[in-house]
Amino acid sequence: MAESSTASAPAPVDRTELRTTVVMTVLTVIAGAVDAITFLTMGRVFAALETGNVLFLTFALAGSGHVSAVRPTVALVTFAAGVATASFAIRALSARGRRWFRTTLAAEGVLVAVAGSLALLLRGTGSLAHDPDLVVLAVVALAMGVRSAVVLRVAVPGMPTLLLQMSLVQLVADVATAPRVPDGEQGALRRLARTRLTATICGMFVGGTLGTLMAPWGTGRALLVVATAVIALALSGVHPDLPHHGPPAPRTS
């Protein structure tokens, strides 16, 4: 009877997985805040959501919507540069057995802090919405490119931190096709997956709301608040053993 009772009990989720979920949720909130700040205070451009920048670029090239082609182009190019640079750094740090997650996360925070400081020097506590500065935008987009490389490496299912469309699709499809979650290990894994998908959606909403509330503070101050949050997370030590969820690296003979 004891064995039967144990077998039917819900399987616990590893604490490392829960900690990973919390860390990635915080990063999602931060990404939502960054995009809200850049869109509202830097002239209709995103630093993290590059899908939006591609669309803005097409609007500009088509001569519709009074959208600048320069700002989305700068964001796209520097975002890609951030991805490339961080990917190289992560590979080098991993080869040396270093804690690459903390290092690259701190680099993101420093870059956002640099962007915030530049915005303060250029416009004080005002906004860059009517006279955007491309250097500030480039540094923020570079930071978000670094973030993208980090989450690609960690590869937590359903938690890309920079966008939520596929998380929303996966959550709705999973609940619609299998509303009841079974007990046991499979049920625990499904609950964790749904929690992560929900956290991504809610985290982006919360981040966007916070970024909107911070936008009246001015570009510089808002970005410095975000940078403080990123650096604090990097130094917190809550992610010393953040797992790598992606496929194993190929073995060399």
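This is a predicted model: local features need pLDDT of at least 70, side-chain atom pairs count only at pLDDT 80 or more; totals for chains, interfaces and linings use all residues.
Student: What makes up the secondary structure of the protein chain?

Tutor: The chain has 9 helices and 0 strands. Read from the N terminus, the order of elements is α-α-α-α-α-α-α-α-α.

Student: Why is H2 called roughly antiparallel to H9?

Tutor: The axes of helix H2, residues 15-41, and helix H9, residues 219-235, cross at roughly 165°. Angles over 145 degrees count as roughly antiparallel, so H2 is roughly antiparallel to H9. The two axes come within 10 Å, and the crossing is left-handed.

Student: Which residues of H2 and H9 meet?

Tutor: From H2 there are Val23, Val26, Leu27, Ile30, Ala33, Val34, Ile37 and Thr41. From H9 there are Thr219, Ala222, Leu223, Val226, Ala229, Val230 and Leu233. The residues of this contact divide into 13 nonpolar, 2 polar and no charged.

Student: What is noted about the phi of Arg44?

Tutor: Phi of Arg44 is near 55°, a positive value in a residue other than glycine. Arg44 sits in the loop that lies between H2 and helix H3, residues 50-61.

Student: Why is Arg44 called partly exposed?

Tutor: The relative accessible area of Arg44 is 41%. Buried means under 20% and exposed means over 50%, with partly exposed in between. The value for Arg44 falls in between, so Arg44 is partly exposed.

Student: Where is Thr161 found, and what is its phi?

Tutor: Thr161 is in the loop between helix H6, residues 134-154, and helix H7, residues 165-177. Phi of Thr161 is positive, about 70°, although Thr161 is not a glycine.

Student: How do you know whether Thr161 is buried or exposed?

Tutor: Thr161 has a relative accessible area of 0%. Buried means under 20%, therefore Thr161 is buried.

Student: How many of the residues in the whole chain count as buried?

Tutor: The share is 44% of the 253 residues of the protein chain. The accessible surface of the chain comes to about 13,100 Å², and 67% of that surface belongs to carbon and sulfur atoms.

Student: What is said about contacts between residues at least 6 apart in sequence?

Tutor: Among those contacts in the protein chain, 76% join residues at least 24 apart.

Conventions:
Residues are numbered from 1 along each chain as its sequence is written. Side-chain values use heavy atoms; hydrogens and water are left out. Axes are lines fitted to C-alpha atoms, for helices over the stretch in contact, and angles run from 0 to 180 degrees between N-to-C directions. Helices (H or I, at least four residues) and strands (E, at least two) are DSSP runs, numbered from the N terminus. Angles under 35 degrees count as roughly parallel, over 145 as roughly antiparallel, 65 to 115 as roughly perpendicular and the rest as oblique. A crossing is left-handed if the near helix is turned anticlockwise from the far one by less than a right angle, and right-handed if clockwise. Contact means heavy atoms within 4.5 Å. Ala, Val, Leu, Ile, Met, Phe, Trp, Tyr, Cys and Pro count as nonpolar, Asp, Glu, Lys and Arg as charged, and the others, Gly among them, as polar. Buried means under 20% relative accessible area, exposed over 50%, partly exposed in between (1.4 Å probe, protein chains only). Accessible areas come from the Shrake-Rupley method with a 1.4 Å probe; for residues, only the protein chains shown count as cover.
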